[in-house]
Amino acid sequence: MSKIKIAIQKSGRLNEDSVKILKDCGISIDNGKDQLKAQTRNFPMEVMFLRNGDIPQYLRDGIVDIAIIGENVLIEKGKDISITERLNFSKCKVSLAVPKDFEYNSIKDLDGKRIATSYPNTVNEYLEKQGISAELHQISGSVEIAPNIGLADAICDIVSSGSTLFKNNLKEVEVMLTSEAVLAVSPKISEDNKKLLEKLQFRIKAVLKARN
Ligand code: PRP
Ligand code: MG
């Protein structure tokens with residue numbers, strides 16, 4: 001019998017809640033720690049634990065059928081991938097922030113400035129729409145350190161509680177988008193696995209309804 005392959009985040013803010021929603025759907029994952037591919041009980045499913053940023057490409061290639069992923073990652077790298085369910089957890093913003101003492105009045109203040117980010121496409125698109133051009137420095141983590149080490153004048157990153165901004169003496173000045181965890185689907189999913197997806201979604205909808 002066919003099994004539906006699902007990608008979930010290996011580590012990070014979505015991991016725990018992704019495992020939890022599957023569990024609430026009655027699906028338990030048999031995995032030893034550090035096992036990147038696991039089988040499940042009570043549902044024909046295989047789970048792959050992957051890096052966030054790699055998931056859109058796995059979906060595109062049909063290596064996985066579905067994924068639980070932050071919508072922000074799809075906006076950055078997977079605009080062609082469709083979303084079949086919003087999951088109502090891991091809510092966050094993707095925002096621009098500047099040092100607290102930066103006298104910020106409008107986005108024009110960032111014209112010609114250096115911005116550090118892990119979301120270059122999202123920032124570029126946002127700035128372009130406003131007719132602003134900035135110099136982007138792409139880094140993959142600890143973005144909030146950039147202004148303090150002289151690498152950038154501003155940053156763009158995920159804001160959840162706001163505590164990382166606060167601790168690094170930064171203030172949020174523009175919210176570019178809001179995001180939450182979503183269930184995304186590969187364009188290459190087979191007909192058999194589409195049926196499994198329908199069954200899974202039926203359970204997910206019931207879980208989400210019960211949580212409200
Ligand atoms: C994420 C994100 C922000 C922070 C936002 O970083 O990149 O820095 O969390 O959360 P907060 O508003 O609740 O502080 P993470 O800790 O995952 O590390 P990384 O940037 O090194 O990947
Ligand atoms: Mg960070």
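**View 1. The shell around ligand 1 in the predicted model.** Strand β10 (154–159) and helix α5 (163–167) each contribute at least two residues to the shell around ligand 1. This is a predicted model. Strand β10 provides the largest share of the shell, three residues. Of the 14 residues around the ligand, those that come nearest are G141, I158, S160, S161 and T164. By class, the shell holds three nonpolar, eight polar and three charged residues.

View 2. Five strands make up an open sheet with mixed pairing, in the order β9-β8-β10-β7-β11. Strands β9 (135–138) and β11 (170–179) stand at the edges with a single partner strand each, so one side of each has no neighbour in the sheet. From one strand to the next, the twist averages 25°.

**View 3. Strands β8 and β9, with helix α4.** Strand β8 (residues 114–117) runs parallel to β9 and is joined to it by four bridges. Within this pair, R114 stands opposite E135 of β9. Helix α4 (residues 120–129) packs on the sheet, where it touches β7 (92–99), β8, β9, β10 and β11. The direction of helix α4 makes about 165° with that of β9.

**View 4. The contact between the two domains.** The domain assignment of the protein chain gives domain 1 (4–90 + 180–211) and domain 2 (92–179). Their C-alpha centres lie 29 Å apart. Seven residues from domain 1 and eight residues from domain 2 take part in the contact. On the domain 1 side, helix α3 (residues 71–77) gives the most, with four residues. This side of domain 1 comprises one nonpolar, three polar and three charged residues.

Technical notes
Residues are numbered from 1 along each chain as its sequence is written. Chains are lettered from A and ligands numbered from 1 in the order in which they are written. This is a predicted model: local features need pLDDT of at least 70, side-chain atom pairs count only at pLDDT 80 or more; totals for chains, interfaces and linings use all residues. A residue is near a molecule or strand if its C-beta atom, placed from the backbone, lies within 6 Å of it. Ala, Val, Leu, Ile, Met, Phe, Trp, Tyr, Cys and Pro count as nonpolar, Asp, Glu, Lys and Arg as charged, and the others, Gly among them, as polar. Domain bounds come from an automatic or database domain assignment. Two residues are in contact if their C-beta atoms, placed from the backbone, lie within 7 Å. Two strands pair if DSSP finds at least two bridges between them. Axes are lines fitted to C-alpha atoms, for helices over the stretch in contact, and angles run from 0 to 180 degrees between N-to-C directions.
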